[in-house]
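Keep the viewer open and try each task before reading on.

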Amino acid sequence: MKKLMIFVVGLLVGAGVLFVLLGRVPDEAPPPEIVTAEAPPAPGVPAYAIEGQLPPAPVVEPDLSDADLPLRPDAPPAGGNATAGAATPVPTAPATRLLVPVQGIKAAELSDTFDQARGEQRRHEALDIMAPKGTPVLAAADGKVVKLFQSKPGGLTVYQFDPTEQYAYYYAHLDRYADGVVEGKELKRGDLVGYVGVTGNSDPNAPHLHFALVQLTPEKQWWKGTPLNPYPLMTD
Ligand SMILES: [Zn+2]
């Protein structure tokens, strides 16, 4: 009888240990899965990367992209403030008139794509100038090339500061740079910058120049600023 009791107690203890063990395993196993499942989408992956993978954009000209140039990460705060008109000064357009930065295109042929939607809650905040691949891209105004940059959304890009260093001009989706265009190069309005292409997040069947004008912050960082509509400043 004693032996049976010991056996039963042993069974109970064993079952208890098993229960605890089994109870723990599921507790400890899931966390890693959840972490791995949630990790990829959120951190580090910029919005454009996700949008870039979405099925065919409903927009005719799907460069959701260009938008997400390095200018983007800071665009929300800047744009928000600009709209609210609270903390930051209202952006002011440069006094300079801008040359249509694609050879052979007249201002009258442009359409204002600045406010077009790109993705869920973003505006395009740039001008798309349609032109055949290889068409020369010209400097919209005088200014220094401050950065040649290749990005997933923008492809081959050029950032140019105006002489006052209050504004930046951004040229994206270039097929290639013009010879001699290097960082630090002073360009005059109309100088060759590069050639229209379809690099970055750009429809290969709709080559165009994505051109943006940005008012820089006092820090004058090429990737940061408040987008302004270049359309009203364009002249032939
Ligand atoms: Zn664009």
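Two residues are in contact if their C-beta atoms, placed from the backbone, lie within 7 Å. This is a predicted model, in which local features need pLDDT of at least 70, side-chain atom pairs count only at pLDDT 80 or more, and totals for chains, interfaces and linings use all residues. Residues are numbered from 1 along each chain as its sequence is written.

**Exercise 1. Find the contacts of K188 and decide whether K188 is buried or exposed.**

Step 1: locate the residue. K188 is found in the loop between strand 7 (186-187) and strand 8; strands (E, at least two residues) and helices (H or I, at least four) are DSSP runs, numbered from the N terminus.

Step 2: list the contacts. Setting aside neighbours within four places in sequence, K188 is in contact with A139 and D142. The C-alpha atoms of K188 and D142 are separated by 4.2 Å, although the two residues are 46 residues apart along the chain.

Step 3: count neighbours. A residue is buried if 20 or more other C-beta atoms lie within 10 Å of its own, exposed if 12 or fewer, and partly exposed in between, with C-beta atoms placed from the backbone. K188 is exposed because it has 10 other C-beta atoms within 10 Å.

**Exercise 2. Which strands pair with strand 6, and how many bridges join each pair?**

Step 1: recall the rule. Two strands pair if DSSP finds at least two bridges between them.

Step 2: take strand 5. Five bridges join it to strand 6 in an antiparallel arrangement, and F161 stands opposite A168. The two strands form a hairpin with five residues between them, where E165 in the turn has a positive phi of about 60 degrees.

Step 3: take strand 9. Strand 6 runs antiparallel to strand 9, with six bridges, and Y171 stands opposite F211.

Step 4: take strand 8. Three bridges join it to strand 6, again antiparallel; Y177 has G194 as its bridge partner.

**Exercise 3. Where is the pLDDT below 50?**

Step 1: pLDDT is the predictor's confidence in each residue, from 0 to 100. The chain averages 75, and 62% of the residues score at least 70.

Step 2: the pLDDT is below 50 over residues 16-86, a stretch with 85 contacts in the model beyond near neighbours in sequence.

Step 3: Where pLDDT is low, the predicted coordinates should not be read in detail.
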